[in-house]
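Good morning, and thank you for coming.

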Amino acid sequence: MDRGSGILRLAGAAAAAGVLTAALALPAVGGAGAMFVNTAEELNLKAMTLEEPPLAEKTTILDAKGDSIGQFYEEYRESVGLDEISEVMKTAIIAIEDYRFYEHGAIDIEGTLRALAKNLTSGGIAQGGSSITQQYVKQVLLNSAVTDEEKAKALEASYARKLNELRYAMGVEEKYTKDQILEKYLNIAYFGASANGVEAAAKRFFGVSAKDLDLAQAATLAGAVQDPNRTDPNLGRQYRQRLLERRNIVLNRMRELGKITDAELEEAKAKKLGYKGTPLPGGCGASRYPYYCMYVRAEILGNPAFGKTKKERTQLLNRGGLTIKTTLDPKMQKAAERAIKKWVRPSDHPVAAEALVEPGTGEIKAMAASRTYGRSKKRNEMSYNVVADAAHGGGIGFQAGSTFKTFTLLTGLKEGMKVSDGFSVGAGYRAPGYSTFKNCKGENIGDPSHTVTNDEGSGGFRTLQTGTWGSVNTFFMKLQEEVGLCDTIKTAKSLGIKRADGQPLQEFSTFTLGINEMDPVTVANAYAAIGARGKYCEPMVVTQIVDRYGKAKKYEPKCKQVMDPEVADAAAHILEGVFTKGTMRGVGGIGRPAAGKTGTTDAQATAWFAGFTPDLAGAVSIGDPRGSQKYKLNNVTIGGRYYGSVFGASIPGPIWRDTMLAALKGTKATKFHPLDSSRFGGCGSSCAPVQRDSGDRDEPRQLRDIDGDDGIRADLGLD
C-alpha cells in the first residue's frame, strides 16, 4: 500500500466514524498531499475568515509630565513586534510547539496523522496535533468569548470545534505571512502567573524584556505554554518544579533538532529556574499616587464622555490599550505629600487629606493623604479615597465647617452689600421664627428654640470683613437670614458644592456653618472658582487619551461664569485678611497674594482650611475616619504634637501654607484684581500694601478659640 492510499483510507475511516478534524491537513505541495486536499474538499473544508478583535491591552496613566503613574488591565499584556523578541525565543517556541511551522500549511500533516492514529484507537481526542496557527485560532476564539458558555464552547473537546479551528486556520494562513502568525501567537499566548503574551511573561518571570531573553529563559517560557496552569511558578514549589522539567524538555528538543550545541544544552540545564515573580504593574494599589489614580479610574468609568455605558467604559479602560495623560503635577503632588507628612503621621487615627486645583481650568494638580492606600489595619491604611467624593472612590467625607461661610459672604456681595456693611450681633443667635429660614422648596425650617453661639460669647457690630476674619458664627447666621438660605445654597451649588456621599445637600438653617459632609476636591474646586474671578470649571483629571492605534483625543476644561468677576474680587479681598487680621494670622502667609478660610466643626469634630491664589487653590481636611463625631479632635496627639483642641489654623492651615510655598516655588506671583471700591466700598486699589509673613515658622501660634467655629450647634443634633 502506497502512502497516498493509506492517507485516503485513514480519512475514509475517520469520516465513517464521524471523526473528521484530526484526519485532515492542508499541505503546501502535491503528491500524497494533493489526494488529502481532495478529501478535504469533499467534506466542504474551506477557509473561513476569523474575526480577530483587538487583544486586551493594558491602559497606562501618565502625569502631566508624561511619566507613568498607574496601569489598568483585564489581562496583563504588552504586545511587541517580532523584531522585539529574541531569536532564541522564536526558536524555542517553534521547536517544542510546531517544528515544521515554516514548512507546512494550516496544520502539520505528519503531526495530524499521528494524532489521528492515536485518536482512532482511543475513541476520542487523545492527542491534538495542532499547529501554531491552530493554537493562535484557539486563543482568539477563547479571548473573544464573553460568557461562560462561549468560553466552554471554545475549549470543548469535540471534532466539530477542531474542524472549525482548521477552517479558520486556513483563512489565517491565506491572510498572513508565517512571521506575522508567529508574532500574533507569541503576543496572545498565556504563559501563567497572570502574564499574557511573551513580553509580559518575560518581565513577570525574569524581569527582562522579550528581546533580552537568554536560552534558559526562552526555553522556560516555551515550555510554559503547553499547560500554564499546571506550571504556574507563582503557585508554589511543586509548580516551579514542573516548569523546570518542561524547560529541560524544550532544551532537549532544541538539541535534537540541532538548534543548540551540547555545550549550550548542558549550560542552560545547569541553571536554576530563575523565576523572579516581578510584581504585576497596574492597579491603584501599585501606583505612586493611589488616590489620584483612583480618581482617574472612577472618572473614566463614571463619565459618559468616555463611553455610552459603564460596560463599554470598563472594557475601554481595562482592554483598550489606552495612554491617558492627566493633570497631575509631580512637583505639586510632592509638595502636598511632604506638607502632610510634616504635620500628620500615617499611624495617627485622624487622617489629613489635601487636593490642589488650578483656577480657571479645574485641573486637579495633586491629591494626597496622610495614610497610605491599602487594606491593612495593622499598617493603618485607608481602603478608600479620602481625598475625593464617593463617586470617585471616596467615603462620606467630613463636615466642612466654617469654610461654608464664604458662600454666605459671596451671596451678600452679590446682593449689593459693601465690605463695611454689617450687623450688631450677640453672643448667641436664635431664629426669630419658624419662617425665618426657608429651604429651596419654600419650607419653613427655622428653629426658634435652638441657639447658635460663639466660642467666647463675643458679639458687637461686625462687618462682612470683620465677621469673616473672626469667623463669627452669630454674624453669619444673621447674614444668612438677611440674604436668604436658599440664595446661599444656590451660590454654593453654582460653585460645584455637593455632598461627598452623593446625597442632596442638607438645607438647614446652619448651612452656613458647614453641616454638610464634603471632600477636599470639591471644596478646593469651589475656592478655585473664586480665584478665577467667578469662573467655575468642572474638576478635571484627563487631558488626552491616545488609543492603541495612536489616535489622540484631547479634552478641554468645561467652564462657565457663575458670578460677576467683581463679586469674586471683593470676596478675595476680604478673604486675604484672614491671613493678616483673622484666624490664620498666627500661621502666616506664603509671600504672595493669597486668600482663604479656616473651618472647624462643632466641638472640633473636624477641621479644614481652604484657600487660593490666582494660580492655585487647595483644601485640607482632617478628621477621624472611625467616626468624627465620636472621635473628636480634642486632647489628641497628631504628628507627635499634643493638641488640646484642633482648629482650622492648627493643622490644616499650616499644611496648606507649607504646600503652597513648595508647590508655587518658581512660579511668578499673580496679583488679585483690586476691589471695586465704587461698588463695594473700602479703599480698593488705593489700600496700603499688606505686610505678609514669609510663612517660615514651623509651629502655628495657638489661637485660643479665635476660629469661633466651635460654637456650632447643628439643627440635626450633630453635636
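First, a definition: two strands pair if DSSP finds at least two bridges between them. Strands (E, at least two residues) and helices (H or I, at least four) are DSSP runs, numbered from the N terminus. The model is predicted: local features need pLDDT of at least 70, side-chain atom pairs count only at pLDDT 80 or more, and totals for chains, interfaces and linings use all residues. Residues are numbered from 1 along each chain as its sequence is written, and side-chain values use heavy atoms, with hydrogens and water left out.

Strand E6 (residues 323-326) and strand E16 (residues 542-546) pair in the antiparallel sense over four bridges. Within this pair, Thr326 stands opposite Val542 in E16. Both strands belong to an open sheet of five, in the order E2-E1-E6-E16-E17, with mixed pairing. Strand E2 (68-72) and strand E17 (552-554) are at the edges, each with a single partner strand, so one side of each has no neighbour in the sheet.

Let us turn to two helices. The axes of helix H3 (residues 87-97) and helix H11 (residues 237-256) come within 9 Å and cross at roughly 90 degrees. Axes are lines fitted to C-alpha atoms, for helices over the stretch in contact, and angles run from 0 to 180 degrees between N-to-C directions. H3 and H11 are therefore roughly perpendicular (65 to 115 degrees). In their contact (heavy atoms within 4.5 Å), Val88, Thr91, Ala92, Ala95, Ile96 and Glu97 in H3 meet Arg246, Ile249, Val250, Arg253 and Met254 in H11.

How values were computed. Angles under 35 degrees count as roughly parallel, over 145 as roughly antiparallel, 65 to 115 as roughly perpendicular and the rest as oblique.
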